[in-house]
Amino acid sequence: MTSPRTGRSGELSYETLKSRQRTLREGFPDGVGLRVHRAISWLQRNAAYADELRDSEAVKERSVFDGFFSKLTDLDKDLRIYNTIWERYPGEIRVLLDNH
């Protein structure tokens with residue numbers, strides 16, 4: 001059963017999560033409040049895609065994509081791709097790795 005507080009299958013709605021975040025944010029440690037805000041915003045913007053992930057065609061496409069990159073990295077015995085990416089994008093990669 002769906003209620004105003006929840007979506008399908010009893011999942012919390014965006015509005016409920018946002019309201020709860022506003023109530024609790026003062027008690028969050030430094031940096032956590034911003035991360036929670038970003039996560040909730042991301043969920044709001046991307047919730048429309050959740051149903052697509054359940055679609056068998058989307059799952060198949062993702063599997064083909066993953067397989068392609070797995071094969072590509074398996075064949076890169078000399079780490080040419082790995083090294084090129086690190087040489088061209090070290091700052092961007094570091095930002096991603098440091099963002100817990």
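The discussion below sets individual values against the criteria that name them.

Mentor: Please bear in mind throughout that this is a predicted model. The protein chain holds 6 helices and 0 strands, and its elements run α-α-α-α-α-α from the N terminus on.

Trainee: Why are α1 and α2 called roughly antiparallel?

Mentor: Helix α1 (residues 14-24) and helix α2 (residues 32-46) pack at an angle of about 170°, with their axes 10 Å apart. Angles over 145 degrees count as roughly antiparallel, and α1 and α2 are therefore given that description.

Trainee: Which residues bring α1 and α2 together?

Mentor: From α1, the residues are Tyr14, Leu17, Lys18 and Gln21. They meet Gly33, Val36, His37, Ile40, Leu43 and Gln44 in α2.

Trainee: What makes α5 and α6 roughly perpendicular to each other?

Mentor: The angle between α5 and α6 is about 95°, and their axes are 5 Å apart. The range for roughly perpendicular is 65 to 115 degrees, so the term applies to α5 and α6. On the α5 side the contact is made by Ile85, Trp86, Glu87 and Arg88, and on the α6 side by Pro90, Ile93, Arg94 and Leu97.

Trainee: How do you know that Arg62 forms a salt bridge with Asp66?

Mentor: The closest N and O atoms of Arg62 and Asp66 are 3.1 Å apart. A side-chain nitrogen of Lys or Arg must lie within 4 Å of a carboxyl oxygen of Asp or Glu, so the pair Arg62 and Asp66 qualifies. The structure holds 1 salt bridge.

Trainee: Why are Arg62 and Asp66 separated by about one helical turn?

Mentor: Because they are 4 residues apart in helix α4, Arg62 and Asp66 have about one helical turn between them.

Trainee: Why does Asp66 count as partly exposed?

Mentor: Its relative accessibility is 35%. Buried means under 20% and exposed means over 50%, with partly exposed in between, so Asp66 counts as partly exposed.

Trainee: Which residues make the nonpolar surface patch?

Mentor: The patch, of about 640 Å², is made by Phe65, Phe68, Phe69, Leu72, Ile81, Ile85 and Tyr89. Both α4 (56-75) and α5 (80-88) supply at least two residues each, and α4 gives the most, with 4 residues. Ile85 also takes part in the contact of α5 with α6.

Trainee: What makes Phe65 partly exposed?

Mentor: Phe65, which lies in helix α4, has a relative accessibility of 44%. That value falls between the 20% and 50% limits, so Phe65 counts as partly exposed.

Trainee: How do you know whether His100 is buried or exposed?

Mentor: The relative accessible area of His100 is 79%. Exposed means over 50%, so His100 is exposed. His100 is found in the segment after α6 (90-98). Although His100 and Arg35 are 65 residues apart in sequence, their C-alpha atoms are 9.1 Å apart in space.

Trainee: How many of the residues are buried, and what is the accessible surface of the protein chain?

Mentor: Buried residues make up 10% of the 100 residues in the protein chain. The accessible surface comes to about 9000 Å², and carbon and sulfur atoms account for 56% of it. As for contacts between residues at least 6 apart in sequence, 22% join residues at least 24 apart.

Notes: Residues numbered from 1 in each chain as written. Predicted model: local features only at pLDDT ≥ 70, side-chain atom pairs only at ≥ 80, totals over all residues. Heavy atoms only, no water. Patch = residues over 30% accessible without salt bridge, like charges linked within 9 Å, V, L, I, M, F, W, Y side chains within 5 Å. Areas by Shrake-Rupley, 256 points an atom, 1.4 Å probe, with all protein chains shown as cover. Buried < 20%, exposed > 50% of the residue type's maximum accessible area, 1.4 Å probe, protein only. Axes fitted to C-alpha atoms, helices over the stretch in contact; angles between N-to-C directions. Parallel < 35°, antiparallel > 145°, perpendicular 65-115°, else oblique. Contact = heavy atoms within 4.5 Å.
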